[in-house]
Amino acid sequence: MRSWDDICASEYSYVPALDRGDNEKAKLIARTTVNELKTLLGNPPPEKSEEFLQSVFYLSVFFRTLYDFAALKELTSPDDWVRNRESLEAVWVKLCDCKERLEFVRSAVAGDTVERIANDLAELEAFYFTHFGQGLYVSPVLLVKRAFCTICKKDIRCCAHLSGRVYAGRRCAAIPDTVGLEMKSCDFVQIPRDLRCRIWPWQVKEDKLLGIKILTIFQIDDFIETDEWE
Amino acid sequence: MDIQPAPLEKAKLTKLGISFDALSRYDVICLPENVFQTEKAEDLHDADDSIHLAKLLKASDVRCATALDLGLDVPFLERRSSDIWLGVVWLGEHVVLPVVIGVIVKLITSKQDKKSSDRVTPTVHLDLYIERVPNVVTLSYKGDGKTLAKVLKSIVPEKEAP
């Protein structure tokens, strides 16, 4: 494991790799750093404070954003990606992941890299809006009988933890119990919570919708518990 | 805004298992969003953001209860739209209005800030019941957060304004 300063300085080897168009290298740097930060979160040094854990958490989300961004660059590097429906959908989902994570870390991390990524993402989003419009999205309404807090594992209604807040390096979220979970309806909206559930023109076939995403399980920090990278 | 006799509304709540006594023990009650539209307790459901609001109020030392605190184990509706659903908020007669309104405004602002890059402002849904014995003043709001914040601040008497 590298020192804390070296981990933080990974950004300075990531950016040149990205500038060279070496997305593989950029991804590797970001991924290695995320894994080191995850190890720190899992086994924090005993003398470290809650503030330190908060920093590790935000930094791990930041480097995961850098990983996503390099992956996005990789997806959009072939000249014909804009003519391929699968690529268009995959890039849109990666753009959403990257944007959500970046918005989250912006309260804690600043600098040229953050601004650069934000500008690039805005440009890419503008490309979609220009060519496909603002879009229509699927927005399901779920009836949740019980949901558990990711911090204390209790019923989210009974604890004091607030969804979305970070406590000692862990982000609070309400995880619905699948027992008693019911989908009440599915709305079509212009402003969804989850932009990934976009309806594309090619998914509308006469009076049917084919292959649309109804619900995704994305969480800003989902990579901490799992080893999913793509 | 609408003014109705308080006993009428309270009778509806009693029918669903929420007692007068419970109402008097708390300053604010975050009620299920369909509490005044249904007659069966098993059909009740909370709004997604009402649990969050209740936690913020409790953290601000406001005597606040949810349906669960009153013994009603009701599910909640999770809507995957970007709107803010606060459900029915019942404010007791002696509630410290500036504190409660301050918390509601803060919640709306923080939720809107998170969506700052979104193209359109999310809609806030809130039904407010303010007890002014012998009546209840009701405000049913569906609109943008900024206007709601202005409306709520105008409810607070000048001498109490934060």
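**Close-up views of a predicted two-chain model**

**View 1. Order of elements in chain B.** From the N terminus on, the elements of chain B of this predicted model follow the order β-α-α-β-β-α-β-β-β-α-β-β-α. In total, chain B holds 5 helices and 8 strands. Of the 162 residues in chain B, 38% are buried. Among contacts in chain B with a separation of 6 or more, 75% are between residues 24 or more positions apart.

**View 2. Confidence along chain B.** The mean pLDDT of chain B is 84, and 87% of the residues score at least 70. Which elements of chain B have the lowest and the highest mean pLDDT? The lowest, 62, belongs to strand 1 of chain B (residues 2-5), and the highest, 96, to strand 3 of chain B (residues 46-47). Where pLDDT is low, the predicted coordinates should not be read in detail. For the complex, the predictor gives a pTM of 0.87 and an ipTM of 0.85.

**View 3. The side of chain B that touches chain A.** Contacts between the chains involve 20 residues of chain B and 21 residues of chain A. On the side of chain B, helix 3 (48-59) and strand 5 (76-79) are the elements that give two or more residues. By residue class, this side of chain B comprises 8 nonpolar, 6 polar and 6 charged residues.

**View 4. Strand pairing between the chains.** Strand 5 of chain B, one of the elements named in the previous view, pairs with strand 1 of chain A (residues 136-144). The two strands run antiparallel and are joined by 4 bridges. Which residue in strand 5 of chain B is the bridge partner of Leu143(A)? The partner is Leu77(B).

**View 5. Domains of chain A.** Chain A is divided into domain 1, covering residues 4-132, and domain 2, covering residues 145-180. Between the C-alpha centres of domain 1 and domain 2 of chain A, the distance is 26 Å.

**View 6. Surroundings of Asn23(A).** Asn23(A) is located in helix 3 of chain A (residues 23-42). Beyond its neighbours within four places in sequence, Asn23(A) is in contact with Ala70(A), Lys73(A) and Glu74(A). Why does Asn23(A) count as partly exposed? Asn23(A) has 19 C-beta neighbours inside 10 Å, and a residue is buried only if that number is 20 or more and exposed if it is 12 or fewer, so Asn23(A) falls in between. The C-alpha atom of Asn23(A) is 18 Å from that of Asn119(A), and 96 residues separate the two along the chain.

Technical notes:
Residues numbered from 1 in each chain as written. Chains lettered and ligands numbered in written order. Predicted model: local features only at pLDDT ≥ 70, side-chain atom pairs only at ≥ 80, totals over all residues. Contact = placed C-beta atoms within 7 Å. Nonpolar A, V, L, I, M, F, W, Y, C, P; charged D, E, K, R; others polar. Pairing = 2+ DSSP bridges. Domains from an automatic or database assignment. pLDDT = per-residue confidence, 0-100.
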